[in-house]
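Student: Please take one part of this model and look at it closely. I would like one connected answer.

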Amino acid sequence: LDRVTGGHERDPVERLRAVKEPAELARIRAATELADEAVREIMEQGLAGRSEREVALALEDGMRRRGAQAVSFDSIVAAGPHGALPHATPRDETIEAGELVVIDWGAELDGYCSDCTRTFASGELPDEQKIVYDLVLDAQLAGLRAIRPGVSGREADAAARTVIEEAGHGEHFGHGLGHGVGIEVHERPRLSQRSDSTLEA
């Protein structure tokens with residue numbers, strides 16, 4: 001293994017797996033679509049009045065009923081302030097109406113994983129929460145616009161992070177922007193302040 005700046009190990013297999021073949025992309029899309037169908041079912045049933053744990057179990061059941069061999073990882077459902085924890089464990093706490101609810105979930109299908117994090121509202125939100133939601137959405141869209149071949153993982157992260165920092169909330173962005181998926185749920189490229197990845201088609 002050769003070493004690069006920052007002490008990160010660069011495994012040649014990891015580098016090869018970062019760039020997907022068309023058949024791999026199709027499998028990842030299929031896993032993503034399956035997971036999306038399951039979360040749409042959850043949203044049709046509604047969030048308010050159910051516990052975080054109940055929603056997480058229903059989501060995982062929905063993915064398995066649709067053909068997932070497994071979940072990519074234990075699903076996260078976290079309402080209100082609990083949603084600020086990057087790896088929150090679903091609780092028996094009831095989701096109230098008018099809360100932001102973070103759902104982080106993924107399906108494994110045909111050996112490939114999906115991983116998605118979304119924030120939903122369990123009803124009409126107070127104005128302050130709408131403002132924060134819109135800010136994070138603006139940051140996400142800025143990050144997506146920055147993603148293209150030749151861009152570094154640091155640059156993609158910075159595109160989103162700058163939006164948050166300019167709004168005075170930089171200290172609340174305590175994690176990386178994102179990462180690749182594939183055979184494992186966390187693969188290269190990594191999009192973060194410490195990333196050594198360069199995006200390829």
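Tutor: Start with a term: buried means under 20% relative accessible area, exposed over 50%, and partly exposed in between, with a 1.4 Å probe and protein chains only. Strands (E, at least two residues) and helices (H or I, at least four) are DSSP runs, numbered from the N terminus. This is a predicted model, where local features need pLDDT of at least 70, side-chain atom pairs count only at pLDDT 80 or more, and totals for chains, interfaces and linings use all residues. Residues are numbered from 1 along each chain as its sequence is written, and side-chain values use heavy atoms, without hydrogens and water.

The part is strand 5, residues 100-105. Of its 6 residues, 6 are buried, so the rest of the structure largely encloses strand 5. In a regular strand, side chains alternate between the two faces of the sheet. Here both faces are covered. L100, V102 and D104 are buried on one side; V101, I103 and W105 are buried on the other.

Now the neighbours. Two strands pair if DSSP finds at least two bridges between them. Strand 4 (residues 76-79) pairs with strand 5 over 4 bridges, antiparallel. Strand 8 (residues 116-121) also pairs antiparallel with strand 5, over 6 bridges. Take D104: I76 stands opposite it, and its bridge partner in strand 8 is T117.

Together they form an open, antiparallel sheet of 3 strands in the order 4-5-8.
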